[in-house]
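Here is a short briefing on charged side-chain contacts.

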Amino acid sequence: MTDHKYLQLLADRYPNIMSAASELINLKAVLALPKGTEYFLSDLHGEYEAFVHMIRSASGTVKDKIDEYYGSSLSDEERYHLSALIYNPQAEIARRKKSESDFDGWCVTMIYRLVNVCKSVSTKYTRSRVRSRLPEHLTYSMDELLHADDEDNRANYYEQIINSVVDEGLGEIFICEMADAISRLAVDQLHIIGDIFDRGSHPDYIMDYLMEFHDVDFQWGNHDMVWMGAATGNWPCIANIIRMNISYNNLDMLEVGYGINLRRLATFANEVYGDDECKKFWPHIIEESEFDPIDAQLEARMHKAIAIIQFKVEGQTIKKHPEFDLNHRLLMDKVNLEEGTVEIEGVKWPLNSTNFPTLDPANPYALTEDEIEVMNTLEASIVHSEKLQRHIRFLFNNGALYMCVNGNLLFHGCLPMTEDGKFQEVDIYGKKASGKALMDHLDEMIRASYFAPETIAEYGEPGELMWYLWLAKDSPLFGKSKMTTFERLFVDDKATHKEPTRPYYSHIKTREACENILKEFGLNPETGGKILNGHVPVKIKDGESPIKGDGLLYVIDGGISKAYQKQTGIAGYTFIFNSRYMALSEHKPYSPLQPDGTQEFHNPKIKTVFTLPKRMLISDTDNGKKLKERVEGLKELIEAYRAGIIKERY
């Protein structure tokens with residue numbers, strides 16, 4: 001009965017033998033194609049321009065295609081400018097308009113060259129799939145050019161298409177759209193292994209870009225998680241995201257991008273901390289605000305004001321949830337203003353400031369009325385930010401705590417492990433679990449916290465689990481023994497700033513531990529399966545390697561964020577997995593567009609780290625398994641038609 005109902009549903013889409021057979025032939029042909037190229041990136045941290053460049057350049061592979069096709073016919077300079085046209089077509093066109101005496105002729109030449117590059121990156125795909133990546137209003141002309149056979153009797157036809165495009169004033173649009181198509185075809189599937197938010201200035205732009213991308217998934221990072229918690233209205237999460245982004249001068253993103261009202265916080269900070277220079281709280285200005293610049297002194301006071309609020313509301317949550325095992329982070333009641341000290345884990349340390357005007361020693365975690373008003377204003381802005389909530393829902397709908405895809409395991413941080421290398425059991429909302437079971441349980445509870453908070457009301461308020469995952473030692477997203485935000489702001493002695501990593505990070509240096517992790521998730525290390533992590537920046541300049549566990553695990557946080565590049569010595573990694581090999585692309589810092597219209601593009605170092613024993617086809621992929629199931633269903637439908645069990649319709 002179940003099979004018959006399934007076949008009846010299938011018959012609605014394929015109402016007769018011919019339509020079912022046509023789809024069957026198409027699917028079997030698709031299964032024989034090489035798998036598309038997957039790209040893995042992590043820790044974007046709001047670096048929109050650098051990120052988009054990585055995608056548009058396919059992390060260096062577009063330049064490789066240009067060199068492969070035009071290496072013998074174009075000079076190094078010509079190939080460089082062709083790649084620049086693909087990476088940033090608007091800027092290159094604007095520059096060429098000023099320098100080319102025959103701009104229309106230049107457009108014609110570039111269209112011919114772009115068509116050839118586009119052909120090169122689209123050879124793995126069916127014609128219908130290529131067509132789906134082309135802009136709707138130019139699909140016909142582009143499709144014709146891409147599938148030209150260079151027949152003599154059609155040469156005039158193709159020439160006429162290109163000349164007509166330019167003659168009608170569409171040359172610039174056509175070039176931009178063709179450059180976009182090349183990038184879309186070069187990157188078949190994109191995996192973001194956590195941390196889109198914080199530090200950099202425009203995670204909102206990144207999310208807008210990804211929402212238009214054809215195939216993307218996320219493995220949530222700790223910085224994503226605290227934003228997801230803030231979106232539920234959770235005050236500790238809200239205080240954290242506001243504090244971090246004020247500290248990096250990201251006011252444009254907060255106020256203009258997401259419409260978060262900071263005015264009440266600003267007036268409160270001036271009223272309460274107006275006589276405090278707040279020297280430790282001055283922002284790290286990586287980029288100047290474009291739309292709403294404010295005085296750095298005011299930013300410092302806002303930073304201190306929200307930090308104090310953060311430590312108070314976090315303390316309230318810690319006291320409410322002793323099972324979180326975070327009592328060591330209760331520090332506001334350890335502040336002694338008369339002595340000018342704070343007691344941390346039994347040791348007294350001198351404070352660099354004793355100006356705590358809103359601290360009530362008798363009730364150190366209580367908010368003042370003004371602080372409550374500040375938090376109510378921030379919560380209302382965040383909960384009712386249509387754009388932010390849309391972005392968070394996209395993260396939920398296209399993301400997970402981990403993912404197994406084509407034999408590889410993706411997650412942002414770590415797995416809780418004991419000192420002897422076993423998976424650590426963690427108690428989350430009344431259920432003890434470890435390894436894969438823990439990740440599955442956490443994923444379920446995270447979704448419930450946002451979409452159905454009433455189902456977990458007995459365990460806590462919405463967003464509290466996200467806050468726990470942001471900073472707890474047993475969180476698979478944090479991976480450290482403690483978060484020392486208070487110490488970094490109020491204690492000068494750097495001995496208090498250390499955040500020791502958890503056992504996972506020492507175990508993954510061995511092949512045995514990495515094999516055990518892969519097997520825990522049902523993957524086979526003997527067939528090329530890899531573990532891909534982000535979270536911990538790899539300090540190449542100090543001799544660190546992103547490759548762990550004898551080549552089974554790759555930490556691909558190399559410092560896309562400008563804030564990390566002095567530590568890492570590079571500007572990020574991309575892990576690339578195509579039909580023939582896996583490779584690691586090591587990037588140099590992104591060079592922005594200069595006022596004169598020029599831009600320097602650096603070729604990344606691409607190193608093959610694993611060569612497949614045979615070319616991987618779509619039939620060998622996870623998606624291939626689904627397509628094979630559809631093939632079997634279509635075969636059964638055709639047999640049902642032939643046997644008269646289901647009637648054909650025409």
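Buried means under 20% relative accessible area, exposed over 50%, and partly exposed in between (1.4 Å probe, protein chains only). This is a predicted model: local features need pLDDT of at least 70, side-chain atom pairs count only at pLDDT 80 or more, and totals for chains, interfaces and linings use all residues. Residues are numbered from 1 along each chain as its sequence is written, and side-chain values use heavy atoms, with hydrogens and water left out.

**Salt bridges overall**
- The structure holds 41 salt bridges (a side-chain nitrogen of Lys or Arg within 4 Å of a carboxyl oxygen of Asp or Glu).
- One network of salt bridges links K63, D67, D76 and R79.

**A buried pair**
- K35 and E38 are both buried.
- Their side chains form a salt bridge at 3.0 Å, N to O.

**Pairs between helices**
- Helices here are DSSP runs (H or I, at least four residues), numbered from the N terminus.
- E172 and K97 form a salt bridge, with the closest N and O atoms 2.7 Å apart.
- E172 sits in helix α11 (residues 171-186) and K97 in helix α6 (residues 89-99), so this pair ties together parts 75 residues apart in sequence.
- Both ends are partly exposed: E172 has a relative accessible area of 30%, and K97 has 45%.
- R264 forms a salt bridge with E373; the closest N and O atoms are 2.9 Å apart.
- This pair links distant parts of the chain, 109 residues apart: R264 is in helix α16 (residues 263-273) and E373 in helix α18 (residues 369-383).
- R264 is buried at 15% relative accessible area, whereas E373 is partly exposed at 38%.

Conventions. Helices (H or I, at least four residues) and strands (E, at least two) are DSSP runs, numbered from the N terminus.
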